[in-house]
Amino acid sequence: MKKGNRKFLVGITGSTGLIGKNLIKKYPKYKFIKFEGDILNKRQVDNWIANSKFNKLIHLAAKVPTAYVNTNYLNSKKTNYEGTKNLINFILKFKYKKFKWFFFASTSHVYKESKKKLKENSRLKPYSKYGYTKLLAERFLKRKTPFKICIARIFSITHPKQHPSYAIPSIYKKISKSKNNEVLVLKNLNHNRDFCHIDDVCRAIDLLCKKEIEGTYNIGSSKKISLKYIASFFAKKKKLIFVDNKLESNIVANISRIKKIGFKPRFNLEKTLQDFK
């Protein structure tokens, strides 16, 4: 292979998920070595790491939808926490001298809800069981290792191919299936979130990987978006009635830290929502 065409070898878990698929498609400069087994199967993880030549790893594999985690908590905890431990332990066993960088996809769910934009040093108090499983893995990754570890707390992502249990696909599905003259009652949408386009998330991961950045970073848009606004965007001329929850909540990223290394979101919410149409 000519030097100019050389590809960078990067291990990846969760290659069939939303981020994994888009990352692989968007960045052909990497030769992604996919883990396609069970992350809880130590023999499979052992064989993959021992027989692969990558020196960086992007760890995306996880049990994600909060509805799934709530009803399958023990299995989710094992996957999100024990699976991460398996990867680190086998890297230390086989690659500790040559391995350079480990990326862990965490979540905004590890934070306590706040009216202020959340910084990486904001209070951690998971607002979901999913967030707790990720925080457990984060704590494990704080241990000293001979290689760099990057933890990315990714805020809300949305995409038309997401599971309908996610916020925006759920809202879109309800509205698109309703009749034009129907009065639609929507509950529990008095919440504000930070939605980031999938392409921006992939760009952030590429930047962190390319520069082998160490530490904890938020990935988001830093824009406060009401779920009611999203419903109104999809509804157009349809009549909506909102039945609010007792408490409004805010989960919005402060992305000043990742901006300092060169990241800036390119896509606004309207572009993200237009993808559904």
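Let's start with helices α2 and α4. In this predicted model, the axes of α2, residues 42-50, and α4, residues 73-94, come within 9 Å and cross at roughly 45°. Axes here are lines fitted to C-alpha atoms, for helices over the stretch in contact, and angles run from 0 to 180 degrees between N-to-C directions. Helices are DSSP runs of H or I with at least four residues, strands are E runs of at least two, and both are numbered from the N terminus. At that angle, α2 is therefore oblique to α4. The cut-offs: under 35 degrees is roughly parallel, over 145 roughly antiparallel, 65 to 115 roughly perpendicular, and the rest oblique.

The crossing of α2 and α4 is right-handed. That term applies if the near helix is turned clockwise from the far one by less than a right angle; anticlockwise is left-handed.

Who makes the contact, meaning heavy atoms within 4.5 Å? From α2, K42, V45, D46, W48, I49 and A50; from α4, N86, L87, F90, I91, K93 and F94. These contact residues divide into 8 nonpolar, 1 polar and 3 charged. Nonpolar covers Ala, Val, Leu, Ile, Met, Phe, Trp, Tyr, Cys and Pro; charged covers Asp, Glu, Lys and Arg; the others, Gly among them, are polar.

Next pair: α6, residues 167-176, and α8, residues 227-235. Their axes come within 10 Å and cross at roughly 35°. This crossing is right-handed. On α6, the contact residues are I168, I171, Y172 and I175. On α8, they are L227, I230, A231, F234 and A235. The division is 9 nonpolar, no polar and no charged.

Now a sheet. It is open, has 3 strands in the order β11-β8-β13, and its pairing is mixed. Two strands pair if DSSP finds at least two bridges between them. The edges are β11 (225-226) and β13 (249-251), each pairing on one side only. Strand β8, residues 191-193, runs parallel to β13, with 3 bridges joining them. Within that pair, N192 stands opposite N250 of β13.

Finally, the whole chain. It holds 10 helices and 13 strands. The radius of gyration is 20 Å, close to the 19 Å from the globule rule for 277 residues, so the chain is as compact as a globular protein of that length. That radius is taken over C-alpha atoms, and the rule is 2.2 Å times the number of residues to the power 0.38. The C-alpha trace spans about 65 × 40 × 35 Å along its principal axes.

A note on method. Residues are numbered from 1 along each chain as its sequence is written, and side-chain values use heavy atoms, leaving out hydrogens and water. Local features need pLDDT of at least 70, side-chain atom pairs count only at pLDDT 80 or more, and totals for chains, interfaces and linings use all residues.

Terms used
Contact means heavy atoms within 4.5 Å.
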